[in-house]
Amino acid sequence: MAETDKDDLITLLEEEEVEEEIPSVLPLMALRDVVIFNDMLLPLFVGRERSVRAVEEAVNKDRYLFIVTQKDAGLENPKEDEIYEIGTVSRILRMLKLPDGRLKALVQGITKAKIVKFLRKKSFYRVRVEFLEEKPIGKLTLEMEALMRNIRDYSEKILALRGEMTGEVGPILESIDDPGKLADLVASNLRLKLDEAQGLLETIDPIERLRKVNDLLSKEVELSSMQAKIQSDVKDEISKSQRDYFLREQMRAIHRELGEKDEKLQEIENYRKAIKKARMPNDALKEASKQLRRLEQMHPDSAESSVVRTYIDWLVEMPWSKSTKDYIDIKKAKEILDKDHYGLHKVKDRILEYLSVRKLNPKMKGPILCFVGPPGVGKTSMGQAIAKAIKRKFIRISLGGIRDEAEIRGHRRTYIGALPGRILQGLKQCGSNNPVFMMDEIDKLGIDFRGDPSSALLEALDPEQNYAFSDHYLNLPFDLSNVMFILTANITDTIPSALLDRMEVIHLSGYTEEEKLTIAERFLLPRQISENGLKPKNIHISQGALQLIIREYTSESGLRNLERELGSICRKVARKIAEGEKGSFRITRNNLYGYLGVPKYIPEMDQEESQVGLSTGLAWTYEGGEVLYVEAALIGGKGELILTGQIGEVMQESARAALSYARSNLSALGVDENIFENLDLHIHVPAGAIPKDGPSAGVAMATALISALSNKPVNNLVAMTGEITLRGRILPVGGLKEKALGALRGGIRVVIIPDKNKKDLTEIPKNIRRKLKFIPVTHMDQVLPIVFDEDPTKS
């Protein structure tokens, strides 16, 4: 400030000390966002037209101006009810007109006043005011002194925290003995909200005002302390980062002086070499180079650099151009497949066909095979054998229970901990882009709000699309056309049709007793002997004992329970040897019960002899084929049909169709036409705790029903399958091979099948066809003579 300006200000202040009478009618000026207190000096820039005229009016008269605060700072021209009633009579100490028409004024608060009446409202407000005199305070009490001392201490502490404390502040605060003036001085320098400042101004009692200021100061001290702490923490963190950077730069300089390479530069160089070595396609190479340039510019310890580093690691480790060379020797491959698996000729033939075509056309795309069959028939192990036969790497993932699409296609890189999907993870793990890739349990995929994994597989398992499979994480096309995908399932019903359409389905029906016997001797028993720490000379299981285990201790299409029973025998033998017994242990039919206990399954138990109202059907489950008994009985009633055994809607409809056929042919069957007037018909399918459904039991239900009506026993050596119509026609069904194996396990000798299923007999092995007699029929009239024959095997 210039020397003349200082002199003028001192003169103005001295003039103000001369007592003058303040007029009660004054021009009014409204302020937007500030409250002026007594003795407060405030520089103002006046721009609104009303305010400019009010200031000019005051300057032209006695320089007194009534200053109030408007309630809404956004209003340009506030009305009478939009300004506070209580304000401060102020004196204009200096005023300067600016070139743009605005005024610059320095004002000082003199005394509080209240608006009594508005006298002028047009160009500017002129009001009549009533002066608000504070009550005189006599001798200061202890409470007042304590409050004043507390306010002084709080004020100094706040200024110290803000870094605004000077040596003059303390003496100034100590020199003020008037509680009201001390409260006004501190309040004018606090960062108060508008309503808080106006509240203090309207508090006339100086002691009460002092208390309010003390409370506000207390809150401000806490806020200022917290702000100072935050700023200190930030400053410390910045200082630490700067220190670390400085030390790191020093380390780099030291390494350079020693002739050693910088760690970051070395890392970038290693990545550059790895990218070149990976032989990526152009799109991937372009993206990898871009991310490497980003990493080069980043701070090594930043969070983003670790994300980029992980992404580049995945790019360079993916087998973009790495593949294994196929070993295409058809005869050798057949030997390997036959050595590892007995039977399964259809699967082996399909693999050998693929290898033959691959030999003639090396650019052939990989097949998408789906092995469907009951548990334990060798679906997964066959995939391993295929990889071994063609000398490819093998990967297996289980899809059972997967509900998140990201498990297949990966997560987007924006997520913390994002990774590619299972497919690309497997390819990276094996390091080859043409492995045998097995996906187990494709029929057990789930679906929920996170997406549909089966839909995500559509692209991967489509030979016309998977040459450019896009994973969400890599976000680059990857060629899967060389991968040999093999999927496994127990049933195809739960596989979405669009996904099933992309796969070549090969059914593995199960094993016959002879096949199980051979597999047990060649594969299962030697493996269990080895796993249980035995030697071949320690144990010998006779062929008769193996046949007994297969017939009476297992009832399955696969081999898992058979291997468990063999393992149980081996463990008992191992225990005897560990306890000191010596010699070779022979297990025969006679001593087998001592090792395995009582038999678990007796196939002929339910059908020891032919009975009236009891027929044998054939069912097809995900575990293979099974015999299904149907019982029918006549009881007193009014001709109603009773169905039990937890059967589904389709089987219930088959039972009603069978009943309708029987009732329409009572005379032809030699049954009294009025038989249902006093009798109900009850059809029950045993194993009531197991849900059952499907159309295949229609013929068996009709047979049991007619047997009960005619009182003729159904031959217990005959089983049947087929759907029945109201006119007695027999319609074709599925799963004939599985049902034939189930019939053979159940001791059946004759199987009645629909005539249109004769074509499926070629799928049944010859040894099964030699043991079972298949009789094709087109109508129930052909079924009844067979089932009521005492020796149907000769008919």
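When I say two residues touch or are in contact, I mean they have heavy atoms within 4.5 Å. Okay, let's start. What you see here is a predicted model, so local features need pLDDT of at least 70 and side-chain atom pairs count only at pLDDT 80 or more, while totals for chains, interfaces and linings use all residues. Residues are numbered from 1 along each chain as its sequence is written, and side-chain values use heavy atoms, with hydrogens and water left out.

Helices (H or I, at least four residues) and strands (E, at least two) are DSSP runs, numbered from the N terminus.

Let's begin with V34. You'll find V34 in the loop between β1 (25–31) and β2 (41–46). Leaving aside residues up to four places away in sequence, V34 touches L42, T69 and L194. Is V34 buried, exposed or partly exposed? Buried means under 20% relative accessible area, exposed means over 50%, and partly exposed is in between, using a 1.4 Å probe and protein chains only. V34 has 23% relative accessibility, so V34 counts as partly exposed. And for a sense of distance, V34 and P453 are 419 residues apart in sequence and 63 Å apart in space, C-alpha to C-alpha.

Now to a pair of helices, α8 and α9. Two packed helices are described by the angle between their axes and the distance between the axes. The axes are lines fitted to C-alpha atoms, for helices over the stretch in contact, and angles run from 0 to 180 degrees between N-to-C directions. Here, α8 (residues 263–278) and α9 (residues 282–297) pack at about 180°, and their axes are 11 Å apart. So α8 and α9 are roughly antiparallel; angles under 35 degrees count as roughly parallel, over 145 as roughly antiparallel, 65 to 115 as roughly perpendicular, and the rest as oblique.

Which residues meet there? From α8 we have K264, I268, Y271, R272 and I275, and they meet L285, A288, L292, L295, E296 and Q297 in α9. By class, that contact has 7 nonpolar, 1 polar and 3 charged residues. Ala, Val, Leu, Ile, Met, Phe, Trp, Tyr, Cys and Pro count as nonpolar, Asp, Glu, Lys and Arg as charged, and the others, Gly among them, as polar.

Staying with α8: K264, I268, Y271, I275 and A278 are buried. They cover an arc of only 90° around the axis, which puts them on the same side of α8; the arc is that of the directions from the helix axis to the C-beta atoms. On the other side of α8, E263, L265, K273, K276 and K277 are exposed.

Next up, α23, which is residues 698–710. This helix is mostly covered, with 13 of its 13 residues buried. One of the residues in α23 is S707, which counts as buried because its relative accessibility is 0%. Not counting residues up to four places away in sequence, S707 touches Q611, V612, G613, K712, P713, V714 and F788. Following α23 is N711, and its phi is positive, near 60°.

For contrast, take K339 in α11 (residues 330–340). K339 counts as exposed because its relative accessibility is 61%.

Last stop, N757, in the loop between β25 (750–754) and α25 (766–771). N757 is at 2% relative accessibility, so N757 counts as buried.
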